[in-house]
Amino acid sequence: MAGQAPNMLAPPTDDELLHAQADLWRHSLYFVTSMAFQCAVKLGIPTAIHRAGGAASLPDLVAALSLPPAKLPFLRRLMRLLVHSGVFAAADDTTGSAGTYRLTPLSWLLVEGEGAAPVVDGHPCQVPVVLAGTSRHFVEAAMGLAEWFRKDVPAAAPPSPFEEVHGAVLFDESMASLHPEVDTIFNQALAAYDHSGFATVLRECSEVFQGVRSLTDCRGGDGAAAKAIVEAFPHIKCTVLDFPRVIGNKRGDGVVNYVAGDMFRAIPPAQAVMLKLVLHHWSDEDCVKILAQCKKAIPARKDGGKVIIIDIVIGAPSGPLLEAQLLMDVGMMVATKGRQRDENDWRDLFKKAGFNDYKIVKKLGARAIFEVYP
């Protein structure tokens, strides 16, 4: 019939469907990779390889980890998957017990040093991040996504799936009261995540801090970032602002000053305010409120006033980095009321909060460093 639209429902070929079936298995079983990853961390495999001088065979690992010898064939299968996933590298025969395994940059981040000292300078051990992200509480929240989508909630910012499943808000006093042990795990993960890579920011983006006389680190936690700033730039007077339960009994030590407060209400005045991996925890409406308080706390641009933001910017080229950004976005949807944002989303937030201009100083991995000007 003349004018009839072409049929757009041509079925896939047999070869396409066979490959699609393999993709279906991969997507259905991705959680197995996550659990294998968690297993390697809990067993301490990255640390065992590191202590063995950087290379270890399966018999070496069985002995170092005090595993039953009969589990060696099963460990081989686990390591084969983790080598394919990039967690470890293999040398020699990766299918037999004669093969040896080495650390990759990823597994270097999972080596546990003596005490709290990082094995890689400026990159604290990320084991808490893995344990939190693969924890029962996080997985159970993700398993409730379909039910969460179906529920008709009129509020603009509905409770997160995590809150609905567990009856507590992540990183909130309600979580500490209801599940103190889980709260500790997630806060340790938050600290490890926040501190990772900050030394690289100071090295690669030193111009951001040059000329700054005073800085307030919002949600600065234990003050590790502020202390690193002062060590690299002794002329900067740093203040850490965080909620009272985080600040606790911390007092100024002559290097960093601590203020217990609420960034939604007031931020200690400074030439620059820093928000390092903070805003992705919050809704757009809350971000505008936080940024508005930042604007009140800094002087005009001609006097050096600016907000320094370190956060994920969705938009990496297609590949593992973009996938990580998108996974982090859905992860925030599962666990918080926040989100990851692309550059247009960030621009809209800055404009709504009353800022006049911004620039991306540099992109480092999945994150970017912004300067935002009043």
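A: Let's start with strand S4 (residues 214–218): five of its five residues are buried, so S4 is largely enclosed by the rest of the structure. Buried here means under 20% relative accessible area, with exposed being over 50% and partly exposed in between (1.4 Å probe, protein chains only). Strands (E, at least two residues) and helices (H or I, at least four) are DSSP runs, numbered from the N terminus. Before going on, bear in mind that this is a predicted model, where local features need pLDDT of at least 70, side-chain atom pairs count only at pLDDT 80 or more, and totals for chains, interfaces and linings use all residues. Residues are numbered from 1 along each chain as its sequence is written, and side-chain values use heavy atoms, with hydrogens and water left out.

In a regular strand the side chains alternate between the two faces of the sheet. On S4, Ser214, Thr216 and Cys218 sit on one side, Leu215 and Asp217 on the other, and all of them are buried, so both faces are covered.

Now the neighbours. S4 runs parallel to strand S5 (residues 237–242), joined to it by five bridges; two strands count as paired if DSSP finds at least two bridges between them. Across that pairing, Ser214 is opposite Lys237. S4 also runs parallel to S7, this time with four bridges, and there Cys218 faces Leu275.

Getting from S4 to S5 involves helix H14 (residues 224–232), and the three make a right-handed β-α-β unit. Right-handed means that, with the strands pointing away from the viewer, the path from the first strand over the helix to the second runs clockwise. In H14, Ala225, Ala226, Ile229 and Val230 are buried. Seen down the helix axis they fall within an arc of 135 degrees, so they line one face of H14; the arc is that of the directions from the helix axis to the C-beta atoms. Those buried residues pack against helix H13 (198–204), S4, S5, strand S6 (256–260) and S7, where contact means heavy atoms within 4.5 Å.

Follow the sheet on from S7 and you reach S8, which pairs with S7 in the parallel sense over five bridges. Met274 has Ile308 of S8 as its bridge partner. S7, H16 and S8 make another right-handed β-α-β unit. Like S4, S8 is mostly covered, with nine of its nine residues buried. S8 also pairs with S11, in the antiparallel sense and over six bridges, with Ile310 partnered by Ile369. With S9, S8 has a parallel pairing over two bridges, where Val313 stands opposite Arg341. The chain gets from S8 to S9 through helix H17 (residues 320–335), and that β-α-β crossover is right-handed.

One last stop is the loop between strand S7 (272–276) and helix H16 (284–297), which holds His280. UniProt lists His280 under "active site" in an unreviewed entry; annotations of this kind may be inferred rather than shown by experiment, feature names are shortened, and the positions are given in the numbering used here. His280 is buried, with a relative accessible area of 0%. Leaving out residues up to four places away in sequence, His280 touches Tyr193, Asp311, Met332, Thr336, Gly338, Arg339, Gln340 and Arg341.
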